[in-house]
Amino acid sequence: MAKQKDQSSKSPTRKQIAISRREREQVRQIYIGLGLVIGLIVLVLAYGLIQTYFIEPNSTMATVDGEEIIAKDYRNRVNYERFLLEDQFNQLNQQQAALAQSSQDDQFTELLASQFQQQANQILQQLSIIDHQTLDIMVEDKLIRTEAEQRGLTVTNEEVTEYIDRFLARRLGGFTTASASETVTARAEASATAALWTPTPTLTPTPTLTPTESITPTATPADTPTPAPTPTLNVIDTDTLSNQYQEWLNTLADSADIDEVTYRNIITTVVLRDKLREVIGAEAPTSAEQANARHILVETEEEAQEIRGRIEAGEDFADLAAAVSLDTGSGVQGGDLGFVPRGRFVPVIDEAVFSLPIGELSEPIESDFGWHLVEVLEREERELSPADYAQNQRAAFTDWLAETRANAEVEDLRAPELAP
């Protein structure tokens, strides 16, 4: 018994110690290796997180006069613009489905279906370029914000709320209290303006005639129109708008990953653009050089030459216009186009109207509509009609934006992979 106890307490040999040391070293190296692997994995994950949540979102997509547009803002705006287009597309599909279920099967229904399809195709086309288009919009927003600051233009929180309320009311097929009041006022002003201005005839395409066909315009007296009853406007109350706003925010968050702060920032830029457009538009001139001209439109150059010869031989321009012009709108007026400013006709006709000597009959001029004979009766500086002035206002902002963009230092650094 004592002998067995002595054997069990015997010290390990050198070989056993060496083996034990090697085993401990191997275990230590395994732990070090595992530690290095785990550390490397953590570093890779950390870098990925930093890259995803810090580096990429703050990378520069473009600079505008030294001011950056970062990827995070770009992604948010792309998500928003894409969501709006998809929302429009879905609404069109719903309208098409409702139209398909209707019992009507007439030309009007077919026309509506065709229009729906055209709009859907346009939306799909916009969706295909929205990544590129959005950055261009954001570049313009930077230029607009700079100009707005120089002009002292700002946007209040109340103005943002009013814009959103109007948008939500339109989605419900109605108006806010403010927009309803503006609509009633606008209708009254439009009615008053219509009584003061005579519409200017415009060049309109007509069906192509075969050689055996002809048009003999007949002036039919118009009946005195019976005033239509003024429709009652659907005014959306504030409680409904408030509920709609919360639902809209939830939809934006779920479908476009847009929170309320981001959404209101985007709407702020939209409202600021509208304000600057209005201010620049108000600077547009209210008068312009206008030409009073008349024309005859026919199908071929030979016909135009024949008509020109008849006029030079003494036949009356107005009588011939009424008898043969394919532009029946102006034809019944003796070919009269009224006073118009530059840019209202196709380029070749516009050039003739503002370059021909007064009273001189033009040679035949070809356009997409056919062949024209043009005579300018007078040219003078005149007050613009409300419609022409409104068009000048829109053109003033468009021209300002194009010129400002051309003169700005814009560096496009976009990376396609950063688009959402």
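This is a predicted model: local features need pLDDT of at least 70, side-chain atom pairs count only at pLDDT 80 or more; totals for chains, interfaces and linings use all residues.

Me: What share of the 420 residues is buried?
Reply: Buried means under 20% relative accessible area. Among the 420 residues of the protein, the buried share is 31%.

Me: Which helix holds arginine 264, and which side chain of opposite charge is nearest to arginine 264?
Reply: Arginine 264 is found in residues 260-282, which form helix H8. Arginine 264 is buried, yet it has no salt bridge. A salt bridge needs a nitrogen and a carboxyl oxygen within 4 Å. At 4.5 Å away, the nearest side chain of opposite charge is glutamate 260.

Me: With which side chain does arginine 264 make a polar contact of 2.8 Å?
Reply: Arginine 264 touches Val160, Ile164 and Tyr245, among others, not counting residues up to four places away in sequence. Its side chain makes a polar contact with the side chain of tyrosine 245 at 3.2 Å. The polar contact at 2.8 Å is with the side chain of threonine 161.

Me: Is isoleucine 30 buried or exposed?
Reply: Isoleucine 30 is found in helix H2, residues 14-55. Its relative accessible area is 51%. The cut-off for exposed is over 50%, so isoleucine 30 is exposed.

Me: What is the area of the nonpolar surface patch that includes Ile30?
Reply: Val27, Ile30, Tyr31, Leu34, Ile38 and Val42 make this patch. The protein exposes about 26,700 Å², with 53% supplied by carbon and sulfur atoms. The nonpolar patch has an area of about 600 Å².

Methods: Residues are numbered from 1 along each chain as its sequence is written. Side-chain values use heavy atoms; hydrogens and water are left out. Helices (H or I, at least four residues) and strands (E, at least two) are DSSP runs, numbered from the N terminus. Buried means under 20% relative accessible area, exposed over 50%, partly exposed in between (1.4 Å probe, protein chains only). Lys and Arg count as positive and Asp and Glu as negative; His and the chain ends are not counted. A polar contact is a pair of N or O atoms within 3.5 Å; within protein, one must be able to donate a hydrogen and the other to accept it, and residues adjacent in sequence count only if both atoms are side-chain atoms. Contact means heavy atoms within 4.5 Å. Patches are made of residues with over 30% relative accessible area and no salt bridge: like charges are joined within 9 Å, nonpolar side chains (Val, Leu, Ile, Met, Phe, Trp, Tyr) within 5 Å. Accessible areas come from the Shrake-Rupley method with a 1.4 Å probe; for residues, only the protein chains shown count as cover.
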